[in-house]
Amino acid sequence: MSLEQPHQLDVGETPEGELDYDALADLLGESVIDREEHINCEAFVIRPDDVARALSTLREEAGFDHLSCVTAQEYRDRYESIYHLKKYDDPTQELSLVVPTTRENPASQSGASVFDTANWHEREAYDLVGIEYDDHPDLRRILLPETWQGYPLSLDYNQDKPQIVPLREHVNPMETRNKGADDSDTMFLNIGPHHPATHGVLHLRTVLDGEQVVDVDPDIGYLHRCEEQMCQQSTYRHQIMPYPDRWDYISAGILNEWAYARAAEDLADLDVPEYAQVIRTMSAEMCRIAAHLLAVGTFALDIYGDFTAIFMYAITDRERIENLLEDLTGQRLMFNYLRLGGVAWDLPEPRDRYFEKVREFTDQFPDRLEEYHNLLTNNELFQMRVIDTGILPPEEAKRYGCTGPVLRGSGVDYDLRRDDPYGYYDELEWDVITDDGCDNFARARVRLEEMRQSIRIIEQCVDLLEEWPEDDRQIQSNVPRTLKPDSDTEIYRAVEGAKGELGIYIRSDGTDKPARFKIRSPAFCNLQSLEVMAEGEYVPDMVAALGSLDIVLGEVDR
Amino acid sequence: MSENTELHDTLEQAQSTQEARMGSGVDDRFNSKLRKAFGASPFVLTKFDQFMNWVRGNSMFVLLFGIACCSIEMMHHYGTKHDVDRFGAGVPRASPRQADVIIVPGTIVSKFGPRMKRVYDQMPEPKFVVSMGSCTISGGPFQEGYNVIKGVEEIIPVDIHVPGCPPRPEALVYGILKLQEQIRAGESAPVTVKPYELQQFGELEGDALVQKLADEIDEDDLVMRYDWAQV
């Protein structure tokens, strides 16, 4: 756009917005041992003792300010950690750093000193694959119990060996009461894993000084149900698709399925008919509304215990949208509707009746949204609780790898639907909602307003589908019955899920099952930023911050 | 005098006694359906046990307990459309000490198993368990996972299983109704639990893993042992 300031080009960026990988390799100099070609971008193989320097050079000079994911995997001859880098300004500019280590001594330098988000990602890699990271601030198990023996995603792991999990019932909970210095008066408090404010089975280890939070350490893994293992032992064509529904289970199923569909379709080079893309876009936005409704409803429940009005209103509207989704997919919650190369079936007959129902919903929903605004954002009680609490400055949000409404509530204009377009989004008229407030209020407002945009998208999709010529309604392209992508191809692709950037990394080994399937969960990364929002605040504000992060434990723990 | 007339006479007498006590113009409140049903006497004779079972079945306090996907459908069954409160089971309590029914809505994994056992132990007797969804029956779609407990019955006893992935709210309501029926009839759950009580670490058979952990874990610690091979 001509009125904007000319964009300052980063090192390695061409004026057309492409990446010049040679210039980037020159920038890193001798740390680059080798270069690989992944489907989504080029990858540099980096010396294991030079990770932090390479990451900080790329961030400071080449503008790669988003460490999207860290994937760890084991080969027969080596271990590998892959750092997937992106730019918040333009997520299509990607670069992967591959850090190999030997099998005898699987240790590489940690990237946590450059990107805070690497902290948890590397702990997960240590926990599940068994790579150690030098200079890591806090390298211990994150998803599995402390007493777990072995690394379950390593190649020679024997799942049949018994494990022991202790129930430390006899430990006196007050023993660790005084954690601070001797003269301080701090108290250690467990919140969760069974607690109504933790949105599932999250466990927060907090140290309190009076009513203020001195330190908060989220302890996750109470719902770690081996999603990556499940996907690695299932076939691409049909068996994997039901699992994404169960990552972010707050009715965001189709958004998650799309993440897998997008990665696998690009990996196996499959086309999707345009008609199917429109249906995908429409149903995905329905899911987004359902997910945001529950987020808003439970947020109100957290803030001032509003069980009867807003929570019930949200449930009522969710019932309406779940009826629409059930008509379309046959299921209320776990849709399993997308297929590689399209969708499972066409819109329900009679089509007119279905469009009528969708129109009915989209027509009345803006009024409902006004009601939510009246009850929430215009409500003085609500404002007192959430304005200027749980501050997450944009720079911090970027370092913690936040995405989705959490990032947009910190004023960063980043939405993969627009910035890295997929589906039918780039053909439609809609806006990305941002808010500079950086507080709990901003995040709640962004969610409410995003629902309005979703309604706009659904309306346009219905218009398109109504007019769609009858002889061109192809719902699936031709996909081979057994899908075997070429050996040793690697891809990392992300879509905008309900909670943020939901990325999938797949490495294929020539069989019909992925050799490595890694899920980049937005809630996992967002949850990490809780310490920025909560430390120094009061306990109820921490609960509000947790509610505004809108985590879902199925996705955090996977 | 036949038995029937005797009975009839007694009833008439009871009625007249009562009328005599209350004076003329009996209060309308006493002419209730209940009274018609039970005849003249405003008293219902029953066993105290039966009465308690009836009370328990009709006023259940459910533990507010969300684990995974099924908890979303559980929220919906409290919500406007399905409204389980119609059946006297719609008061979720956040504390296990106030609850007498626990709905287990989701996959139990090794880290959460001991915690759930503790929550269950904190509930006062008599307590009832509804297991919701396939994960709580067998591990469901995640059964082959290294970290997943193959059904909630490995840890606590279950009264009602509601299958589905996830079950619809209607199915859960049906499960709750069946549980109420069971409670009212005074039936207790068939105990099908396998380990149920957790072992003490000191009692474990010594093998390589136990030896390795022996230094880290206190002998008095309660532990759970997952022997996947026995599934």
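## A strand inside chain B

Let's start with one bridge: Val101(B) has Phe128(B) as its bridge partner in S4(B). Helices (DSSP runs of H or I, at least four residues) and strands (DSSP runs of E, at least two) are numbered from the N terminus. This is a predicted model, in which local features need pLDDT of at least 70 and side-chain atom pairs count only at pLDDT 80 or more, while totals for chains, interfaces and linings use all residues. Residues are numbered from 1 along each chain as its sequence is written, and chains are lettered from A and ligands numbered from 1 in the order in which they are written.

S4(B) covers residues 128–132, and five of its five residues are buried, so this strand is largely enclosed by the rest of the structure. Here, buried means that 20 or more other C-beta atoms lie within 10 Å of the residue's own; with 12 or fewer a residue is exposed, and in between it is partly exposed, with C-beta atoms placed from the backbone. Which way do the residues of S4(B) point? Phe128(B), Val130(B) and Met132(B) face one way, while Val129(B) and Ser131(B) face the other, and all are buried.

## The neighbours of S4(B)

Two strands pair if DSSP finds at least two bridges between them. S4(B) pairs with strand S3 of chain B (residues 101–105) in the parallel sense, over five bridges. S4(B) also pairs in the parallel sense with strand S5 of chain B (residues 160–162), this time over three bridges.

## The domains of chain B

Domain bounds come from an automatic or database domain assignment. For chain B, the assignment gives domain 1 (52–184) and domain 2 (199–230). Taken over C-alpha atoms, the centres of these two domains of chain B are 29 Å apart.

## Where the chains touch

Two residues are in contact if their C-beta atoms, placed from the backbone, lie within 7 Å. The contact between the chains takes 42 residues from chain A and 52 residues from chain B. On the side of chain A, the elements giving two or more residues are strand S8 (163–167), helix H4 (227–232) and helix H7 (307–329). S8(A) has the largest share of that side, five residues.

## Chain A as a whole

Chain A has 17 helices and 16 strands. Its C-alpha atoms fill a box of roughly 70 × 60 × 55 Å along the principal axes. Of its 558 residues, 54% count as buried. What radius of gyration does chain A have? The value is 23 Å, which agrees with a compact globule of 558 residues, since such a globule would have one near 24 Å. This radius is taken over C-alpha atoms, and the globule rule is 2.2 Å times the number of residues to the power 0.38.

The domain assignment of chain A gives domain 1 (1–171) and domain 2 (251–557). Their centres, taken over C-alpha atoms, are separated by 26 Å. The contact between them takes 22 residues from domain 1 of chain A and 28 residues from domain 2 of chain A. On the side of domain 1, strand S3 (66–74) and helix H3 (118–128) of chain A are the elements that give two or more residues, and S3(A) gives the most, with six residues.
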